[in-house]
Amino acid sequence: MSRTWGQFLPEVVRSRLAGLQQAASSAVVSNAGWQLADNLLRMAVALVVGIWLARYLGPAQFGLFSYAVAFVALFSSISSLGLDDIIVRDIVRTSADKETILGTSFTLKLVGGVVALLAALGTIFFLRPNDGLSQGLVAIIGIGTVFQAFNVIEFWFHSQVQAKYAVLAKNAAFLLCSLGKVVLILVGAPLVAFAWIASAEVMLGMSGLILAYHVRGNRVLHWNVQLKKGTALLKDSWPLMLSSVVIVIYLRIDQIMLGDMAGDSEVGIYSVAVRLAEVWYFIPSAIYWSLFPGIVEARGVGDEMFFGHLQRLYNWAALSAYAVALPVTFVAPWLVSTLFGEAYARAGLMLSVLIWSNVFTSLEMARSGFLTAMNWTRLYLLTVTLGCLLNVGLNWMLIPRYGGMGAVVASLAAYWFAAHGSCFIFKPLWRTGVMLTRALAYPKVW
């Protein structure tokens, strides 16, 4: 408890608050533990199955599959409408309105999912009019974006710091579909079958969330929709929606541009480096979703507690990223060749460099909590938009000359600028820029 304000409270109040803080800390540790266990399991299973799939398909077909997944991701960000953090924030603040918040958010996301699917289909038919396989893959994988509207339930669990229920629900679908991929590989299934499995995982995962929500004594049928609430949600979320779209562009545009400028085989090789770099994203995600509700509450207490929580979050984000980047840098060439085979050997050097982008994506995720709590979503949009433009420009210049390695350099530069460099362009972000610098230089967490 902060001495600047806590010392003036009566002893009985201070004792009560200390008890609540201890309970909250225990809940955070438990929540982070569940998310960590979930993501460790996903990392291990996805890595094994992904390696098997890449070897089975080969660079060209694996590249085409990765292209389709990245292509759908560009449009699926529209379906979220930037509501994820807003849902958590609003339920933490006004838990009595959860039925309205969830019902209205679900309706908005459902409409967004349909729009995203239609937009993806229209765009792929325009870009690859004579490529029926690419069109079919995008159509099948894109079906899942409509069903993702039910993930509002997952963010309700986040707001309650009860990640274990969402973990159990979604893990069942993940493990079942991972087994399905293995079966498809063993029977020699065509590429399109794996697209159906990807879509099925989303549908089964959402069904599991509904079941978990009901087991906790809640009912989806109790949700209600309010136009006024929808307007308020969109007013706060539209910059986050645009930010999500921009983020996905600068996370996935490299694979799209590689496919169109260097061919599907180069996408397949580069995608191996991306897969091994992104497999670690679960660490900052678990830290973020466990600490974010506390940051929202600290915002209402005072600046000292608020910025203290933020520095702790930034430090954890940087330290966890360093712990991964350092060893991976040295073992990347050996790791890629051993796991994926010599056909993907060039991805080793790509991974050695790309893994350092995790430092900046971790910090960007942590900084988004600060901007959401402050409701500075427009600033968030500006920073990621500048990072996206930098990424596209560098990809355009570097891919024709250096192929996948050019995309790696472009991504690393863009991720640093969006997360850290851009803070020193906008005066309201100077303080958080200094805090991020402190986290990069000395990420003290104890």
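Trainee: Which residues have the most contacts inside the largest nonpolar core?
Mentor: This is a predicted model: local features need pLDDT of at least 70, side-chain atom pairs count only at pLDDT 80 or more, and totals for chains, interfaces and linings use all residues. A nonpolar core is a set of buried Ala, Val, Leu, Ile, Met, Phe, Trp, Tyr and Cys residues joined through side-chain atoms within 4.5 Å. The largest one here has 133 residues. Inside this core, the residues with the most contacts are Leu351 and Phe370.

Trainee: What gives the most to this core?
Mentor: Residues are numbered from 1 along each chain as its sequence is written, and side-chain values use heavy atoms, with hydrogens and water left out. Helices (H or I, at least four residues) and strands (E, at least two) are DSSP runs, numbered from the N terminus. The top contribution to this core is 16 residues, and it comes from α2.

Trainee: Which residues is Leu351 in contact with, leaving aside its neighbours within four places in sequence?
Mentor: Contact means heavy atoms within 4.5 Å. With those sequence neighbours set aside, Leu351 contacts Ala273, Leu276, Ala277, Val328, Ala332 and Val336.

Trainee: How many helices and strands does the protein chain have?
Mentor: The secondary structure includes no strands at all. The count for the protein chain is zero strands and 18 helices.

Trainee: What percentage of the residues in the protein chain is buried?
Mentor: Buried means under 20% relative accessible area, exposed means over 50%, and partly exposed lies in between (1.4 Å probe, protein chains only). The protein chain has 446 residues. Of these, the buried share is 55%.

Trainee: Is Asn391 buried or exposed?
Mentor: Asn391 sits in helix α16 (residues 377-402). Residues up to four places away aside, Asn391 touches Tyr250, Ile253, Ala410, Ser411 and Ala414. Its relative accessibility is 0%, so Asn391 counts as buried.

Trainee: Which element gives the most to the nonpolar patch?
Mentor: Two elements give two or more residues: α2 (11-80) and α8 (163-186). Trp52 belongs to helix α2. The top contribution is three residues, from α8.

Trainee: What is the angle between the planes of Phe106 and Trp223?
Mentor: Rings of Phe, Tyr and Trp (its six-membered ring) pair if their centres lie within 6.5 Å; planes under 30 degrees apart count as stacked, over 60 as edge-to-face and the rest as tilted. The structure holds 14 aromatic pairs. Phe106 and Trp223 form a tilted one, with 5.8 Å from centre to centre and a plane angle of 55°.

Trainee: How many residues apart in sequence are the parts that Phe106 and Trp223 tie together?
Mentor: Both residues, Phe106 and Trp223, are buried. Phe106 lies in helix α4 (residues 98-127) and Trp223 in the loop between α9 (191-215) and α10 (227-261), so the sequence separation bridged by the pair is 117 residues.

Trainee: Which residues are linked in a network of salt bridges?
Mentor: A salt bridge is a side-chain nitrogen of Lys or Arg within 4 Å of a carboxyl oxygen of Asp or Glu. The structure holds six of them. Arg128 bridges to Asp131 (3.3 Å, N to O) and to Asp264, with the closest N and O atoms 3.6 Å apart. The network links Arg128, Asp131, Asp260 and Asp264.

Trainee: What is the N to O distance between Arg346 and Glu266?
Mentor: Arg346 is partly exposed, with a relative accessible area of 47%. Glu266 has 11% relative accessibility, so Glu266 counts as buried. Their side chains meet in a salt bridge, N to O, at 2.6 Å.
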